[in-house]
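Have a look at the sequence and fold first.

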Amino acid sequence: MKTTAQVVVIGGGVVGCSVLYHLTKAGWRDVILLERDELTSGSTWHAAGGFHTLNGDPNVAKLQSYTIELYEELERVSGQSCGLHLTGGLQLADTPERMDFLKLAHAKGRYLGMETEIISASEARRLLPLIDESKFVGALWDPMEGHLDPSGTTHAYAKAARLQGAHIERFCKVEDLQQRSDGGWDVITDKATIRAEHVVNAGGLWAREIGRMVGLELPVLAMEHMYLLTEDMPEVKAINEETGKEVVHAIDFKGELYLRQERGGMLMGTYEQNCRPWSPKQTPWDFGHELLEPDLDRIAPSLEVGFDHFPAFQTAGIKQIINGPFTFSPDGNPLVGPVPGLSNFWCACAVMAGFSQGGGVGLALSNWMVDGDPGFDVWGMDVARFGNWASRGYTNAKVRENYQRRFRIRFPNEELPACRPMQTTPIHDLQLQAGAVMGASWGLETPLWYAEDGELAEDIVSFRRSNDFESIKRECKAVRQSVGITEISNFAKYEITGPGAAAWLSRMMANNIPRLGRIILTPMLNEQGLIIGDFTIVRAAEERFYMFGSSQAQIYHMRWFDRHLPKDGSVTITNIDLGLVGLSIAGPNARKVLAKLSDEDVSGKSFKFMDFRESDVAAIPAKINRVSYTGDLGYEIWVAPEYQRRLYLELLQAGGEYQIRHFGMRALLCLRLEKNFGTWFREFRPIYSPFEAGLDRFVALSKPDFIGRAAALRARDDGPKLARVCFVVDALDADVMGDEPIWKDGKVIGWVTSGGYAHNYDCSLAQGYVPRACAEDLAPGAFQIEILGEMCAARIQLDPLFDPNGERMRA
């Protein structure tokens, strides 16, 4: 047995074997996989083996497409059959709302190159004669769906990896992991200790246990999952003989069901409402090729729907019921990438859809390890997307919720309730009294919009404009006409100190570092010159800075910051998180409100746009940024949590004579659209250069050095391939949600990143990316944006609708 290796991969399921194969393919041959039992001994061997390309996150969908396309290569390299059955599949909608969801999925697929098709219920029945078409209103057809042999596919990965130099050690249990002073690892097994440079946790059902060996509690939970196999069915035989093909796959949203052919019968599985976690605290090490006790009563409600929608099942005999555990993360997506706070320790776990995603996970992780970057936008799978609030109890609640909703549609204005509220600020109860409708922002309760007395203070979920529309309009108009107040505690906050702080920030960020008492906006780039963050940076003292960014990305960003900190201790960065909370006031009367609570001169001449000040507000020590994401005259006021309640009440009282109004996150996002401001995760992601994103003025190429400078220079000189643009859209009763295709001359040429309604201008807006040459076409109706199956005319809006010269925010 080898006792040294560049990489040790722990776990011999489909994901671990995919990682092993992709590492060898990338040129790393000194790699070994350790499996405590036989390959496939966890969840892999009893998986239903289905695969599909569609995913709510288009970037994950791309990796799923890669996975499916990989199987032909895998069979060729290994000589091992994957047992591939590319049958195509139907997603069946029983309500107009579910049909809207399928139209949205179909539209997303257009710019990903997927050849999906929206069809009627009768057309669906021609493809799948087993359905009762009266139970459905339509369907989505996807030719890239099917199933395979889980064991054969896993062994194909393993064999291909071995042929390229990898080693696989079966019946070898990892008992401990100890990090050495050089950053490498001692992998202690029941056979020997292996000295490794890198360790990959692909432990599947045992991913938590592997994580605990290094002091990590991963947000992973296994759920019992059941599917049944029928006896041979004459209806299946008839379809096979008539078409010469297998029965196509199907997903039935109403019953939370999936089904496919299995030999001469059918397989039907369900994500039932009465779901059950398996081994919620610790996975037994001796669990192997075993199944759990079936519980037909638990899945009976779903089966009743299935037998009603697919009548042939009513007379079919049940041959076997499979009940086995699968792992999930709180949001259902994998946990992939380098673990923050640990060097050379990587995750590839919580991959519940291993035969749809396993290849993409292996590719992304191997790229990350070999090249320092995954090569794709994998934010939706990044292990850094969860904070410390994702405890074991939180994970249990959210995984169960996610499992129950596996085949349910998620509306754009739908906030899921499990394990909420998790985190609150000191004014949470006061905001609820004011009519706040809350959403969860990285675990924190955040006001989305405010209902007035007599209005329903909850969302009516919809793909179209809903009951919050008029309330958001009132909030947006109040800000532009007088003054509004909103909570901004969900922003990420950092403090950077030390004698090397200024030089370090200058290297990390693309823009110049601010002078004392000033603020700058800056993108942060990776070595490829692509955007991995955008920040507001304040210089509070010569060696003390504050930085504000996206809350969802703070662990992701801290991983990057820690990786680049100087070894001499000259720089300290602290993630303040909820140690600092904030309120923002914005609008033409915002200065008057602040002046009533300050004994200092806050005039435009004394307290300029992009100034920072540490000063008392209502006798409270505060940090004040003269900046607002609304694009209006405004201030961000940051205080310690114990002061927030007083600050909030004093601001409301001081603003009373100006009819100050609460506004929530949805109004804020509408107001930023009126200024054509972009936002992290939508407009700013690591697939865009700052020149494509319209951030040219925030990139100081005159600086001698910063991360990504060389690549940014090349990108500027070569000319951007894409351009971020703003559209005015002739929308009907629905605005864009993001990821809709942009059409020109009958072809999809771009995609929407975000959008909404500009209430102060009574029009629908969208931001998106198009080829640079197309961004110069300003003709009305030159573009169309597909919204829920409707082609809506769109024209490019070059200047922001609100205050194009920035006079208000600089006043």
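Which residues of strand S22 (residues 484-487) are buried on one side, and which on the other? Gly-484 and Thr-486 are buried on one side, and Ile-485 and Glu-487 on the other, where buried means under 20% relative accessible area, computed with a 1.4 Å probe on protein chains only. Strands are DSSP runs of E of at least two residues, and helices runs of H or I of at least four, numbered from the N terminus.

Before going on, please note that this is a predicted model, in which local features need pLDDT of at least 70, side-chain atom pairs count only at pLDDT 80 or more, and totals for chains, interfaces and linings use all residues. Residues are numbered from 1 along each chain as its sequence is written, and side-chain values use heavy atoms, leaving out hydrogens and water.

Back to S22, and to its partners. S22 pairs with strand S28 (residues 581-586) in the antiparallel sense over 4 bridges, with Thr-486 opposite Ser-584. It also pairs with strand S32 (residues 661-662), in the parallel sense over 2 bridges; here Gly-484 faces Arg-661. Pairing requires at least two DSSP bridges between the strands.

Now for the salt bridges, each a side-chain nitrogen of Lys or Arg within 4 Å of a carboxyl oxygen of Asp or Glu. The whole structure holds 50 of them. In one, Glu-657 and Lys-596 meet at 2.7 Å, N to O. Glu-657 lies in the loop between helix H16 (641-654) and S32, and Lys-596 in helix H15 (residues 590-596), so the pair ties together parts 61 residues apart in sequence.

Notes. Buried means under 20% relative accessible area, exposed over 50%, partly exposed in between (1.4 Å probe, protein chains only).
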